[in-house]
Amino acid sequence: MALDKPYRDVPGTTIFDAEQSRQGYWLNQFCMSLMKAANRERFKKDERAYLDEWAMTEAQKQAVLARDLNRCIALGGNIYFLAKIGATDGKSFQQMAGSMTGMTEEEYRNMMIRGGRSVEGNRYIGEDGDAQAHRQPQGSGRTA
Amino acid sequence: MARITASVYTSHVPAIGAALDLGKTDEPYWQPVFGGYEFSKQWMKDQRPDVVFLVYNDHATAFSLDLIPTFAIGTAARYQPADEGWGPRPVPVVQGHPELASHIAQSVIQQDFDLTIVNKMDVDHGLTVPLSLMCGQQDPQKGAWPCPVIPFAVNVVQYPVPSGRRCFQLGQAIRRAVESYDEDLNVHIWGTGGMSHQLQGPRAGLINKDFDNRFLDLLETDPAAAAAIPHIDYVREAGSEGIELVMWLIARGAMADVAGGPRPRVAHRFYHVPASNTAVGHLILENT
């Protein structure tokens, strides 16, 4: 019998469940390794060579090299693990989160200061909120 | 005997720690956040807890995907602030309370909660940011936190996380465990994380003030109703990381009214948007 996954109909959201975790094990463990300063240095010196030390898929490695966090998450990454890449790059959590929306850093920051993204239209796939697939990317990313 | 006299609820946003550590607390962006904790710092000095039982979540710091305990209690004598990728926060080492922690572990497991016992781990911003907010900044070497802390880590990273109902029941078991400890100790229990926020995907930045304030209302007056909220409601209404709020229900379950005592007194309530990606909520309840 299939597992109960009621969270599949939330737009713009991937829930890190056992299935995602299994798929992303090595991607996330690579991220974990960046908590050691010596590993951060080795990664920064030659990203590709460092990634090749891990049993990640080629698609996962390409997503990391491109810093495409949405793609990393689709391939099993979890944001708390992926945040170690951001930390290595000197990026804040806000910069990382914003990068997944298509907005510029300033656009995203201003949205938060105005009270954040509204839940209206963003509860279920098929509504018309700004997180829905047909409205991506957001902000100036839309015209870039 | 030991007694839980109060519970504290607060968000634990990493950027708050960074703002403190980099001396940005007086900037217009941050001033309203820290202003909300001025009362709390004085309250901590007045209350002088002997031990803080601190419920938080580890953010892929002490626990990688190699090991994912649902509930983990720290029974160590001390815990080092972790290097989360930016270098460790410049805050004092956290002193534990191994005797009370071991006592609680044994009692709670005997009450059918299968805790993981942790004798060695580093603690991340989930634990140190609430300490900084409530106790003010401390010099990492010369300073110290005002009392020992028992870290209690909850898995809210890999779904399914424990349900609100389970967390609420666990809090009740923790209260019984504390009250069966002979030494007279003034114990505070803190629930941290939340409030509404989402850190991932095109829906990143979601904030839901109505949900958050209703949750705060329920926490004050009808915690059993708050405990009945299913996972999917947190995800849909409060963002994928808003699910951290289940941890507040552990602290709330430990209050006296849940066991038939009087309703707690609301000492302080604060809400502000934003801190980085997150809505900051803060509540202090005292047993009367």
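Residues are numbered from 1 along each chain as its sequence is written, and chains are lettered from A in the order in which they are written. Because the model is predicted, local features need pLDDT of at least 70 and side-chain atom pairs count only at pLDDT 80 or more, while totals for chains, interfaces and linings use all residues; side-chain values use heavy atoms, with hydrogens and water left out.

Two packed helices are described by the angle between their axes and the distance between the axes. In chain B, helix H6 (residues 164-179) and helix H10 (residues 246-253) have axes that come within 6 Å and cross at roughly 30°. The axes are lines fitted to C-alpha atoms, for helices over the stretch in contact, and the angles run from 0 to 180 degrees between N-to-C directions. H6(B) and H10(B) are therefore roughly parallel to each other, given that angles under 35 degrees count as roughly parallel, over 145 as roughly antiparallel, 65 to 115 as roughly perpendicular and the rest as oblique. On the H6(B) side the residues that meet H10(B) include B:Cys167, B:Phe168 and B:Leu170, and on the H10(B) side the partners include B:Val246, B:Leu249 and B:Ile250; contact means heavy atoms within 4.5 Å. By class, this contact of H6(B) with H10(B) has seven nonpolar, four polar and one charged residues, where Ala, Val, Leu, Ile, Met, Phe, Trp, Tyr, Cys and Pro count as nonpolar, Asp, Glu, Lys and Arg as charged, and the others, Gly among them, as polar. One of the residues in this contact, B:Cys167, is buried, with a relative accessible area of 0%; buried means under 20% relative accessible area, exposed over 50%, and partly exposed in between, with a 1.4 Å probe and protein chains only.

In the loop between helix H3 (38-47) and strand S2 (51-56) of chain B lies B:Arg48, whose phi is near 45°, a positive value in a residue other than glycine; at 62% relative accessibility, B:Arg48 counts as exposed.

Helix H9 (residues 231-238) of chain B is mostly covered, with seven of its eight residues buried. What covers the buried residues of H9(B) includes helix H7 (209-221), helix H8 (223-227) and H10 of chain B. H9(B) is followed by B:Gly239, whose phi is positive, near 90°. B:Gly239 is also among the contacts of B:His197, which include A:Tyr80, B:Ala238 and B:Asn277 when neighbours within four places in sequence are left aside. B:His197 itself has its place in the loop between strand S8 (186-192) and H7 of chain B, and at 4% relative accessibility B:His197 counts as buried.

Turning to chain A, A:Gly76 is found in the loop between H6 and helix H7 (79-88) and is buried, with a relative accessible area of 0%. The C-alpha atoms of A:Gly76 and A:Asn28, 48 residues apart along the chain, are separated by 8.0 Å. A:Arg67, in the loop between helix H5 (58-65) and helix H6 (69-74) of chain A, has a phi near 55°, a positive value in a residue other than glycine, and at 26% relative accessibility A:Arg67 counts as partly exposed.

Most residues other than glycine have a negative phi, and most peptide bonds are trans. A cis peptide bond joins A:Gln136 and A:Pro137, with omega about -15°, and the bond from B:Val273 to B:Pro274 is cis as well, with omega near -5°. A:Pro137 has its place in the segment after helix H9 (105-113) of chain A, whereas B:Pro274 is found in strand S9 (residues 265-275) of chain B.

Lastly, the structure holds zero disulfides over all chains, a disulfide being a pair of cysteine sulfur atoms within 2.5 Å. A:Cys72 is in no disulfide, and the nearest cysteine sulfur, that of A:Cys31, is 7.0 Å away; at 1% relative accessibility, A:Cys72 counts as buried.

Key. Helices (H or I, at least four residues) and strands (E, at least two) are DSSP runs, numbered from the N terminus.
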